[in-house]
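Please find below my notes on the model, arranged as numbered points.

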Amino acid sequence: MGDELPRVIHMRDGSAHAVVGLDSSEDFLERTDGLVGKLAQDVRKGLWKVLGPLLYWGRGFSPWGSHFGIACCSIEVPMAVFGPLFDVERHGVLSPSTARQWDMLWVSGTVTRKLAPRIRILYEQMLEPKWVVAIGDCAISGGPFYDSYNVVKGVDKIMPVDMYVPGCPVRPETFIDAIIEFRRRVREGKR
Amino acid sequence: MEMWVNFGPQHPFTHGLWRLKVKVEGETVVDVEPTIGYLHRGVEKLAEKRSWVKFIPYNDRLCYVASMGWTEGYVGAVERLMGVEPPERALYLRTITSELQRIASHFVWLGAYSIDLGNFTALLFAVREREFILDSLSRLTGHRMTYNYPRFGGVARDAPNGWVERTIRYLNRIERKMNDFVNLMLDNETFLKRVQGVGILKKSVAKEWGVTGPVARGSGLKVDVRYNDPYLLYEEIGFEPVVEKDCDCFARYMVRIREIYESITIARELLMRLPEGDVMAKRVPRVPPPGEIYYRVEVPRGEAGYYIVSDGKDVPYRVKIRSPAYVHIQATKAMMPGCNVADLPAILGSLDVCLGDTDR
Amino acid sequence: MILDLYRIAEAIRASHPDLEFDVKEGERRVVFKVKAEKLHNFIKFLRDEVGRDFLSTVTAVDYSDRMEVVYILGSYSDGFIFVVKTEVDRENPEVESVVDLFPTANFHEREVYDMFGVRFRNHPNLRRLLLPDDFEGHPLRKDYEWW
């Protein structure tokens, strides 16, 4: 038992799966093989050069985030930020209840050892393309509970994180700034 | 045919991270089995590592919706161990902020409960009214949610100029708008049918399961720490708890609505009588002497207790935190069998659990 | 009010000879120390005869030479708190469960088992509550390593 969580998550029925890197759509294209596959790959690569920027431009308009609040930051991020004072829905952000419809996973709160496999399952249930936003000090590095026996020191030990939003708890203005920055980066094609 | 259905850790109706396995036979619930511990951060062990003063902000993060009451519990317990009495103005400020926090917490509950039962407008109303209370508290303490305001011997800082008048104006506005709010829900027959007669918790059953707070007061028990075991200024202002007799979800709903009105009245009266003076006691010892104490406060969810053991050193020896929602989650075993699956959001919402203090 | 509490505690001690108690000055609290074998009967006596019908919590404190299990009892009609403490052995702690008297003790006793390793006899479901099921060790004991 040390500082990092093992890179293999053991589930209760005995099976285990490993944490591998994030798949993006372009990497998926590279992995198809066979002659017909290679021909299809070339056609797709050509199309991608044309359609890619259009897709990136379109993706930035309606980022749908997760309704998964864990701890203190959950009262600010998926609750007060949808209220009338800090209206984040004007940026196109919605918060559906099912994991299949999320674009972003907002990890807002402390991730504990009991919760780590479940949050990994939620991450895998999301469809491509997906981004992870670590909200609050607890999700970035463990926060004020960094030396506790049951706390994962930052959610980037279990899944790759694209954006870190600091604060304890996060102010809604910081979160809206993060959403605007996110939209700009997605439109330009960066991850 | 019986089947176990899982309300997993991620679910919009459970308002927190706990798991409820429900055994159903057709549409009727036969048995429940709750599982908690997804947010266990080990706060009681961390208390034995941080010093007395450094542990104060951790109490805010316990129940994050109602943080002022929990910090008051810890600070009040250690003050009794030390034998320190805060000055008059500090006592007034602590009572006023506790009542303001109670109003804000009940608004969070009201918004979440309404959206569970299908009323999205009420959530927006509740969040809007809560923003006024948060504005007033952030002018006083510097933050919207986890305030870190009470200190051993008083409070951290004094109120700025004009804070008292502005807060009284906000409270008047909230009282006017509450009438709109109440009519939105009570004139709605769908809401009343979903909530009346559901989730019955009889008085004797409630006593066995150790419930406190609005859940107990909705079952006809006249129990409130501010009335039975007064602390701060509640004995001076002559406090009477709000009790309803019907034992169902609607009774608990009405208890909380009437508590909002009552807290507005108490806070306004204390604000008008706020005396001048210091906000911090003159001599505060650095560490409390050896001893033990059990101190309880009334947080919006029920009765919170702190059992603190000190051995005279820099760090606490043992801090045990008693949480009301921990006990109410057990009470689902008594309330849920016999109801329909569609009634589960109404019952879970009326219990008002906050997972931060349950799992600590 | 304090004189009443003192008289109540004296009357209780009259019927239970080997009991120690301590009434704090100006508080509404009494602390009783009881032996582990007599604990269940004493709590039943407090519930039936003295009107303590509210079990607030069950917890434990780990001193270096012994472990104390603490029961905090109150009432729905007044504001007095009775703190009942009993000593158990640190290596093999075992105590009778009070789930048959107060159903609410279920979760509290499971948590004490989870954090300290105290086993409760006749508990219907004694397993870990807050920590994952495959966690090793009992964290709140003083000899648990920090990391």
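**Notes on the predicted model**

1. Strand β4 (residues 67-74) of chain C is mostly covered, since eight of its eight residues are buried. Here buried means under 20% relative accessible area, exposed over 50%, and partly exposed in between, with a 1.4 Å probe and protein chains only. Helices (H or I, at least four residues) and strands (E, at least two) are DSSP runs, numbered from the N terminus. This is a predicted model, in which local features need pLDDT of at least 70 and side-chain atom pairs count only at pLDDT 80 or more, while totals for chains, interfaces and linings use all residues; side-chain values use heavy atoms, with hydrogens and water left out. Residues are numbered from 1 along each chain as its sequence is written, and chains are lettered from A and ligands numbered from 1 in the order in which they are written.

2. Which residues of β4(C) point one way, and which the other? M67(C), V69(C), Y71(C) and L73(C) point one way, E68(C), V70(C), I72(C) and G74(C) point the other way, and all of them are buried.

3. On one pairing of this strand, β3 (residues 54-62) of chain C is joined to β4(C) by eight bridges, and the two run antiparallel; strands are taken to pair if DSSP finds at least two bridges between them.

4. Y71(C) has V84(C) in β5(C) as its bridge partner, and the hairpin formed by β4(C) and β5(C) has six residues between the strands.

5. Chain C as a whole contains three helices and seven strands, and its elements run α-β-β-α-β-β-β-β-α-β from the N terminus on. A compact globule of 147 residues would have a radius of gyration near 15 Å, and the 16 Å of chain C agrees with that; the radius is taken over C-alpha atoms, and the globule rule is 2.2 Å times the number of residues to the power 0.38. The C-alpha trace spans about 50 × 30 × 25 Å along the principal axes of chain C, and 59% of the 147 residues count as buried.

6. For chain C, residues 24 or more positions apart account for 47% of the contacts with a separation of 6 or more, where contact means heavy atoms within 4.5 Å. Chain C exposes about 6500 Å², of which carbon and sulfur atoms supply 45%; accessible areas come from the Shrake-Rupley method with a 1.4 Å probe, and for residues only the protein chains shown count as cover.

7. Turning to charge, chain C has 21 positive and 29 negative side chains, with the centres of the two sets 2 Å apart, whereas chain B has 49 positive and 46 negative side chains, with centres 4 Å apart. Lys and Arg count as positive and Asp and Glu as negative, while His and the chain ends are not counted; the place of a charge is taken as NZ of Lys, CZ of Arg, CG of Asp or CD of Glu.

8. Chain B has 15 helices and eight strands, and 66% of its 360 residues count as buried. How does its radius of gyration stand against what a compact globule would have? For 360 residues the rule gives a value near 21 Å, and chain B has 21 Å, which agrees. Residues 24 or more positions apart account for 71% of the contacts in chain B with a separation of 6 or more.

9. T71(B), in helix α3 (residues 67-82), is buried with a relative accessible area of 0%, and it touches I56(B), N59(B), D60(B) and P150(B), not counting residues up to four places away in sequence. P87(B) lies in the loop between α3 and α4 (88-116) of chain B; its contacts, apart from neighbours within four places in sequence, are G153(B), D278(B), V279(B), M280(B) and A281(B).

10. Finally, chain A comes to six helices and five strands, and buried residues make up 48% of its 191 residues.
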